[in-house]
Amino acid sequence: MKKALLISAGRQVSKELIEKYTDRFIIVADGGARLLKKYKIGADLLLGDLDSIDDEAITYIKEHNIKIKKFPTKKDFTDTALCVDYLLEEGYKDIVIIGALGTRLDHELANLFNLKMLYKLGVSAKIIDDYNEVIYAEEGVYEFEKSDKKYFSLINAGDKMSFTTKGLYYEVEDLEINSLNSSRAVSNVMLGDKATIKINYGSAFIIQSRD
């Protein structure tokens, strides 16, 4: 299975987190190039309109022979979406996205729904930083192992959804989440080393997080 790491231009992450995924094809969305220079790491491709990159980062990219695919500033898609499209065209089926969260709420929401699109296309994908890990989920069983991100939250991604848990502090059976109780599934905690979440119907963003 072809695997990729997509570095976007949002909130920066630690070098230790990036190094967990450096064995993948690395594609960088525009301003994400700042992390390459900061941590002195390489990448396979830089893609975007280059409007968020300073001269020092451009110099670093060129000195390390990182391929650049430039797009016009006036375009119909975000730089992150362009990277996702490129990875889909190249047949990548496992994508980790970092730098997708940050100060721009509009970009955050667009990036979250990129996870939904990737799910629909049969691609395993997640958004991760030092504080959060997010996947999009529909009907099925999802297993999780203990990590430094101890909180579990489910955010309804459609009209309504129902889920069941095992191994969490607040156990639920066929709990429905809709527009009237949207915060009902926020901040659960794993009890042991493993937990299971079953989506009975509907869809959700499953978020693991830490303070």
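Mentor: The lining of the largest pocket is made up of 11 polar, eight charged and five nonpolar residues (Ala, Val, Leu, Ile, Met, Phe, Trp, Tyr, Cys and Pro are nonpolar, Asp, Glu, Lys and Arg charged, the others, Gly among them, polar). Please keep in mind that this is a predicted model, where local features need pLDDT of at least 70 and side-chain atom pairs pLDDT 80 or more, while totals for chains, interfaces and linings use all residues. Residues are numbered from 1 along each chain as its sequence is written, and side-chain values use heavy atoms, with hydrogens and water left out.

The volume of the largest pocket is about 370 Å³. A pocket is an open set of points on a 1 Å grid over the protein atoms alone, with protein on both sides within 12 Å along at least five of seven lines; a cavity is a set where a 1.4 Å probe fits but cannot get out, and lining residues have an atom within 4 Å of a point. Its lining has 24 residues, and those closest to the centre are S8, A9, G10, R104 and H107. Two helices, α4 (79-89) and α5 (105-120), each provide at least two residues of this lining. The biggest contributor is α5, with three residues. Helices (H or I, at least four residues) and strands (E, at least two) are DSSP runs.

A search of the whole structure gives one cavity of 30 Å³ or more, and the largest cavity holds about 40 Å³. Besides S8, A9 and G10, its lining includes R11, Q12, G31, G32, R34, L35 and G99. By class, the residues around the largest cavity are six polar, two nonpolar and two charged.

Now for the second largest pocket, with a volume of about 300 Å³. D94, S124, A125, K126 and I135 are the closest to its centre among the 18 residues of the lining. Helix α5 is one of the elements that give two or more residues here, together with the strands β5 (94-98), β6 (124-128), β7 (132-137) and β8 (140-145). The lining of the second largest pocket divides into 11 nonpolar, five charged and two polar residues.

Three of those strands, β5, β6 and β7, belong to an open sheet of 10 strands, in the order β4-β3-β2-β1-β5-β6-β7-β14-β9-β12, with mixed pairing (two strands pair if DSSP finds at least two bridges between them). At the edges are β4 (67-70) and β12 (188-189), each of which pairs on one side only. Further along the order, β9 (residues 151-156) is joined to β14 by six bridges in an antiparallel arrangement. One of the contacts to look at there is F152, whose bridge partner in β14 is Q208.

β8 belongs to another open sheet, where four strands pair antiparallel in the order β8-β13-β10-β11. Here β8 and β11 (175-177) are the edge strands, each pairing on one side only. From one strand to the next the twist averages 30 degrees. Next, β10 and β13 pair over five antiparallel bridges, and K166 stands opposite T196 in β13. Finally, β10 (residues 161-166) is linked to β11 by three bridges, again antiparallel, and S162 faces E176 in β11.

An unreviewed UniProt entry lists residues 140-205 as "domain: Thiamin pyrophosphokinase thiamin-binding". That span is 50% strand and 0% helix, with its end C-alpha atoms 13 Å apart.

F113 and F205 form an edge-to-face pair, because their ring centres are 5.4 Å apart and their planes stand at 90 degrees. Since F113 lies in helix α5 and F205 in strand β14 (residues 204-209), the pair ties together parts that are 92 residues apart in sequence.

Terms used
Grid points are joined across faces, edges and corners, and a volume is the space filled by probe spheres set on the points. UniProt positions are given in the numbering used here, feature names are shortened, and annotations may be inferred rather than shown by experiment. Axes are lines fitted to C-alpha atoms, for helices over the stretch in contact, and angles run from 0 to 180 degrees between N-to-C directions. Rings of Phe, Tyr and Trp (its six-membered ring) pair if their centres lie within 6.5 Å; planes under 30 degrees apart count as stacked, over 60 as edge-to-face and the rest as tilted.
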